[in-house]
Every structure is written in C-alpha cells, then in structure tokens.
Amino acid sequence: MSSSTPSVRFNSRVDAMQPSATLAMKSRAEERRRQGHPVVALSAGEPDFDTPEPIADAGVKAIRNGFTHYTENPGTLELREAVCRKLDQDNDLSYTPEQVVCSNGAKQSLALAIHALCDEGDEVLVPAPYWVSYPEMARFSGAEPVTVPTSVDDAYRLTPEALEDAITERTRLLILCTPSNPTGTVYPPDELAALAEVLRDHEQVYVVSDEIYEYVLYDAEHRAFASFPEMKDRTVTVNGFSKGFAMTGWRLGYMAAPEPIAGAAAKIQGQFTSAPSSITQKAGVAALEMDMEPVHKMVAAFRRRRDVVLERLRAIEGVQCPMPEGAFYAYPDVSDVFGATTPDGSTIEDGGDLCFYLLEEHDVALVPGPAFGEPDGLRLSYASSMEDLETGLERIEAGLAALR
C-alpha cells in the first residue's frame, strides 16, 4: 500500500520570509556542540545574567497567590500605569494607560506596530545594519522594506541627508533602533533632532522607535525619539524587559503610542495572542519599581567586556570597529579579508563566508553581516563570560591569521 503526502501551498508572504539568521546560527552552534565540538558562541542576543531577585520573587509570589488567569488584553492596569510612570520619569513622555499595549516581548510589540500602520504597497525605511526581523515584519505586513545604507565611517548612524533621499510618496514608516542591535551605536540627541527635522516635512511618515537596549548604555545619552517636538503623535515607542532586566525568557514588552495606533495594535493582539502571561506582568511591575543596582552591575560588567573586545578587535590588522556605546554587541568591518582563501582553498566573499569558516574551522559562532543588510561586517555578542570572550577572540585572531 502506498501513500503520498499532498503538496502544501503556503501564504506567499511566508514563502518570501527569510528565517532568522541569529536563531539559525545559534542552532548550528548547538548542533556542533552535540557533535562534540568545543564551540564558543558569541552570537546570542541575551544577557548571560539571571533575572534580578526582586523580579523573580514577584513572579513566584504571583503563582503562589493564584494570579494565574487571563488579564485584560493590553495588559493589567497596574502594569500599564507602571509603564506610564517609567516613561514620564525616564523619558519625559506623558502617556495614559489607554496608550500603552503590553505584549509577549518587544518583538511582538514591533510586529503589532508595523502591521497596524502598514498596508500593501507602503514602504518601510530600515537603516542598515538592521536587526534581522525588521524587514521580514514589514514584508509580511504587505509593505516593502527599503534598506537605507549607513557606513562604518559614520558609526553606522543614519544621516539626515540619507533619510531625505530615501523618502518617497509611498514611505509610511521609519524604523529606528538606538542603542542599536547589531552595532551598539547610540544616536546622540542632536542627530536624532536632525532626523526629526527631516520628518517634519513628511507628515505621512511614522516612526517605530525600538528602545529595548535603553538601560544598556556606556558612553552616551539615551533620548526617546517621541520626546522631540512634533514627533510624539507620529512615533510608536517600543521597549521591554528582556535586555535591561535580563528577562528574555519571561517574554514581556510594550509599546506607547497615540491612542488610535495603540487601539489598532490591541485589536490585532486580541485576535492573535491576547495579553502576555499574568505572572510575567507581575514580574514586570516589580522590575519597574525595584532599585536599579542589579541593572547597573550588569551594565558595568558589559562595559568591561566591551573594552576587552574592542581592544582585541582593533588590534587585528584590517579590522575596523566603531565604539559600541550601548547594547552588548560589536560590529567590526572585516571587508579587508574578502577575497582571501581559507587553508582548504575556499574563498571568503563576505561576512557570511567568514562566519561559516570561523564556526566550522575554529569553533567560534558569530552572526554574519548579510543577515543585517551590511555584508562587510559581522556581529559579535559580548553577553558571554570573560573566559569565553578571551577564547573566542583568540580563535577569531587565529582564523583570520590563517587566511591567505
């Protein structure tokens, strides 16, 4: 008896979507570990610290007190009020709870904002290097992602001139990320003000400002984009708890936006997932209300690691690496080695080839630049122990030295 599996026809937008390169690299590194290889993974986008105790205690207390049922779709009033206080105190932004939607991670908040605002035929401006999910979210909404290149000489920051040149009558959205994943770049207030000045002449363009790394800052000042004149009514501020509070697995993020946008996002969420976990929301309230000393200690550790990584990378001939002023990534330009050959005779054409070579031949996992729309570089995460960083950097140095 024979059987056949019928062909499956997928939504065309699913077929067009690219898988996450960061998750793919993590999966490949784990596979090599299972095969017995001593892989050092410098690809993860999450803090290697435990969630601070006050937050964890709040989650446990929520379970023990039976706070384990569905909550209001946009999040509990308690959490949304806490978010409003945070935005007022930290960012000089005044919102009401009706303008806040809490979701299952900042990633979902981003997707909700993009899907609420974009339609077939719209254009979404995405400065490169960009986080891998931005173009795919735009594409799945029916919009067309438009990559706006930046350069290592400008520390990978979008210039007002490049923004002006990229805007067309179809432009609906600009996505900004500061501090940046994947580069660690932070836009200084004067440069954000210059971008806002350009946008004032293009009233059809909204902004999604991804500020998830707000608390992971070293040498820079964070300014919320919505705080600039005339920008609040056209900006969706997205933030969350995963990076600054080491709560990646808790899955909690939020957006703050003009009420019509927040309402549209909440409508989508209500049909797709409904509210985030009740337990996680209690933990989120505790995070926003706790003493920030655990966060400061974590960021101080990241700073020490950053300094080591930057010194080692800049000592490698031909490697350029701007100073990461926030987040926990370095994004070195490695284009100087393109065209070189590996010991087995393969040619390194771009950052993707280099990452594959370093993983397969030197057991260090990084994320390739083509995934971020900037093929001359690669992303190194220093959210790892100093021991792993030292080992990984030694392997990168050895791998590059072996190229001919």
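In which hand does α5 pass α9? The model is predicted.

1. **The seven-stranded sheet.** Seven strands make up an open sheet with mixed pairing. Their order is β2-β8-β7-β6-β5-β3-β4. At the edges lie β2 (100–103) and β4 (144–149), each of which pairs on one side only. From one strand to the next, the twist averages 20°.

2. β2 and β8 (residues 253–256) run antiparallel and are joined by four bridges.

3. **α5 against α9.** Here is the reply to the opening question: α5 passes α9 in a right-handed crossing. The axes of α5 (residues 106–117) and α9 come within 9 Å and cross at roughly 110°. The range for roughly perpendicular is 65 to 115 degrees, so α5 and α9 count as roughly perpendicular to each other. From α5, the residues in the contact are Gln108, Leu112, His115, Ala116 and Leu117. They meet Ile261, Ala264, Ala265, Ile268 and Gln269 in α9. By class, the contact has seven nonpolar, three polar and no charged residues.

4. **α11 against α13.** Helix α11 (residues 293–314) and helix α13 (residues 386–401) have axes that come within 11 Å and cross at roughly 10°. Angles under 35 degrees count as roughly parallel, and α11 and α13 are therefore roughly parallel to each other. α11 brings Arg304, Arg305, Val308, Val309, Arg312 and Leu313 to the contact. α13 brings Met386, Leu389, Glu390, Leu393, Glu394 and Glu397. By class, this contact has six nonpolar, no polar and six charged residues.

5. **The three-stranded sheet.** A second open sheet has three strands in the order β9-β12-β11, with antiparallel pairing. The edge strands are β9 and β11, and each pairs on one side only. Strand β9 (residues 329–330) is joined to β12 by two bridges. In that pair, Tyr329 has Ser381 as its bridge partner. Strand β11 (residues 367–368) is also joined to β12 by two bridges, and these strands run antiparallel. Here Pro368 stands opposite Leu378.

6. **Side chains of β12.** In a regular strand, side chains alternate between the two faces of the sheet. In β12 (residues 378–381), Leu378 and Leu380 point one way. Arg379 and Ser381 point the other way. All four are buried, the arginine and the serine included.

7. **Pro47.** This proline is found in the loop between β1 (40–41) and α3 (53–64). Is Pro47 buried or exposed? The cut-off for buried is under 20% relative accessible area. Pro47 has 7% relative accessibility, so Pro47 counts as buried. Beyond residues up to four places away in sequence, Pro47 touches Ser242, Lys243, Ala246, Thr248, Met298, Phe302, Phe328 and Ala383. Thr147 is 100 residues from Pro47 in sequence, and their C-alpha atoms are 28 Å apart.

8. **Val40.** Val40 is found in strand β1. Val40 counts as buried because its relative accessibility is 6%. What is Val40 in contact with, leaving aside neighbours within four places in sequence? The partners are Arg33, Asp363, Val364, Ala365, Asp388, Thr391, Gly392 and Arg395. Val40 and Ala266 are 226 residues apart along the chain, and 40 Å separates their C-alpha atoms.

9. **Arg157.** This arginine lies in the loop between β4 and α7 (160–166). Arg157 has a relative accessible area of 17%, so this residue is buried. Apart from neighbours within four places in sequence, Arg157 is in contact with Thr150, Thr185, Val186, Tyr187, Pro188, Glu191 and Glu325. Two glutamates, Glu191 and Glu325, are among those contacts.

Definitions and conventions: Residues are numbered from 1 along each chain as its sequence is written. This is a predicted model: local features need pLDDT of at least 70, side-chain atom pairs count only at pLDDT 80 or more; totals for chains, interfaces and linings use all residues. Side-chain values use heavy atoms; hydrogens and water are left out. Buried means under 20% relative accessible area, exposed over 50%, partly exposed in between (1.4 Å probe, protein chains only). Contact means heavy atoms within 4.5 Å. Two strands pair if DSSP finds at least two bridges between them. Axes are lines fitted to C-alpha atoms, for helices over the stretch in contact, and angles run from 0 to 180 degrees between N-to-C directions. Angles under 35 degrees count as roughly parallel, over 145 as roughly antiparallel, 65 to 115 as roughly perpendicular and the rest as oblique. A crossing is left-handed if the near helix is turned anticlockwise from the far one by less than a right angle, and right-handed if clockwise. Ala, Val, Leu, Ile, Met, Phe, Trp, Tyr, Cys and Pro count as nonpolar, Asp, Glu, Lys and Arg as charged, and the others, Gly among them, as polar.
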